[in-house]
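Please keep the sequence and the 3D view at hand.

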Amino acid sequence: MIVLGIESSCDETGLALFDSKKGLLAHTLHSQIELHAEYGGVVPELASRDHIRYLIPLLEEVLQQAGIKKTEIDSIAYTAGPGLIGALMSGAAFGRSLAWSLGVPAVEVHHMEGHLLAPMLEEKAPEFPFVALLVSGGHTLLAYVKGIGQYELLGQSLDDAAGEAFDKTAKLLGLGYPGGPVLAAMAEQGEHGVYKFPRPMVDRPGLDFSFSGLKTFALHTMQSAAHEDGAQGKLSEQVKADISLAFEEAVADTLKIKCRRALEQQQCKTLVIAGGVGANKRLRRVLRDMIESLGGELYYPRIEFCTDNGAMIALAGCFRLMAGETQPLEIDAKARWLMQDLKAI
Ligand code: KG4
Ligand code: ZN
């Protein structure tokens with residue numbers, strides 16, 4: 001079965017073709033970073049319009065890459081939520097209508113389920129059960145995964161998601177958008193130990209997170225650094241790098257402590273990391289060291305499948321289609337949609 005996957009929940013239009021027997025055939029992506037950069041964040045209306053602009057050219061491109069015709073598509077999977085409603089509607093309306101015109105089934109995919117299953121696109125794929133750390137721009141959660149659609153929520157962020165904390169802190173530092181990759185690049189130039197950030201909520205029991213305090217801590221650190229002797233109210237590039245490093249270490253360390261706690265609680269040795277912040281090299285390194293010390297295994301998707309993409313949607317859709325799930329003719333995009341409400345297959 002060849003599945004066309006369509007992702008359009010935020011600021012990336014991603015299309016992919018996944019063959020249930022041969023694996024991933026092709027994938028293509030258009031990022032809206034340049035479009036939103038001058039506003040310092042995603043402008044929802046511009047995002048929706050841009051998805052509409054790129055869906056057809058990207059479909060043609062992905063078909064050409066895979067060397068197949070539109071009529072060879074057996075089914076279509078599209079992100080139906082959670083995300084920006086206009087952006088979701090663009091991809092969902094396109095996907096559902098294309099499926100109708102081709103006379104093939106369509107299926108809705110939960111964006112976070114797509115992220116969660118993305119490591120299964122790799123040769124070294126995890127087996128159930130496992131603990132999953134999902135860290136994206138909109139969500140930060142730990143789940144115990146017993147199978148597809150069997151997601152037990154262990155903990156989540158009570159305020160900002162990890163990616164959001166990266167984005168907001170990068171904005172405070174004047175580093176631009178999207179914050180995660182630019183802050184991580186800045187941190188490479190930082191010196192260890194110049195600043196020390198707190199590890200929020202690690203001294204309390206439980207597996208919830210809170211990242212908004214780190215952004216405030218960064219602001220206060222910046223303000224006092226700007227008022228130090230000789231700073232003349234400005235931050236040097238080195239100070240920005242030192243703050244970036246201290247912030248990144250605090251996020252990675254906090255996530256590591258909670259992951260370790262979750263693995264011990266569930267008596268599990270398999271950890272999966274997915275979502276945009278999963279592209280962070282320091283986080284991967286810190287988690288790899290932790291899992292090695294436990295004698296366990298760490299799984300993650302290649303960097304390009306950590307952030308939003310069509311391949312993860314095609315894969316998650318393929319699992320659900322093979323289990324017989326299909327979406328009737330109505331188009332039902334959902335800005336909010338809990339992963340725990342998904343059907344087990
Ligand atoms: O999963 P994703 O592409 O979109 C959502 O579903 O939200 O995640 C985007 C988030 C952004 O907040 C971005 O700053 C962050 O992932 N991100 C990173 C890195 N690459 C992307 N954060 C830290 N380090 C990175 N290398
Ligand atoms: Zn995402």
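Which of the 18 residues around ligand 1 come nearest? They are His 115, Gly 137, Asp 167, Gly 180 and Asn 280. Note that the model is predicted.

## The ligand site

H5 has the largest share, with three residues. By type, the shell holds five nonpolar, eleven polar and two charged residues.

## Backbone contacts and cover

- Gly 163 places a polar backbone atom 3.1 Å from a ligand oxygen.
- Gly 276 has a backbone N or O atom 3.0 Å from a ligand oxygen.
- Asp 308 has a backbone N or O atom 3.1 Å from a ligand oxygen.

How much of the accessible area of ligand 1 does the protein cover? On its own, the ligand has 550 Å² of accessible area, and the protein covers 88% of this.

## Salt bridges within helices

The whole structure contains 16 salt bridges. One of them joins Glu 45 and Arg 49, at 3.0 Å from N to O. Both residues sit in helix H2 (residues 44-66). They are four residues apart, about one turn of the helix. Glu 45 is partly exposed, because its relative accessibility is 46%. Arg 49 is also partly exposed, at 47%.

Helix H8 (residues 237-266) holds both Lys 256 and Asp 253, three residues apart. Their side chains form a salt bridge at 3.2 Å, N to O. Lys 256 counts as partly exposed, with 25% relative accessibility. Elsewhere, salt bridges with shared partners link Asp 160, Glu 164, Lys 168 and Lys 215 into one network.

Glu 122 pairs with Arg 302, and their closest N and O atoms are 2.9 Å apart. Why does this pair tie together parts that are 180 residues apart in sequence? Glu 122 lies in the loop between helix H4 (111-117) and strand E6 (130-135), while Arg 302 lies in the loop between strand E10 (297-299) and helix H10 (310-322), so the bridge spans that separation.

Arg 302 is partly exposed, at 33% relative accessibility.

Notes
Residues numbered from 1 in each chain as written. Chains lettered and ligands numbered in written order. Predicted model: local features only at pLDDT ≥ 70, side-chain atom pairs only at ≥ 80, totals over all residues. Heavy atoms only, no water. Salt bridge = Lys/Arg side-chain N within 4 Å of Asp/Glu carboxyl O. Helix = DSSP H or I, 4+ residues; strand = E, 2+ residues; numbered from the N terminus. Buried < 20%, exposed > 50% of the residue type's maximum accessible area, 1.4 Å probe, protein only. Near = heavy atom within 4 Å. Polar contact = N/O pair within 3.5 Å; in protein donor to acceptor, adjacent residues only side chain to side chain. Areas by Shrake-Rupley, 256 points an atom, 1.4 Å probe, with all protein chains shown as cover. Nonpolar A, V, L, I, M, F, W, Y, C, P; charged D, E, K, R; others polar.
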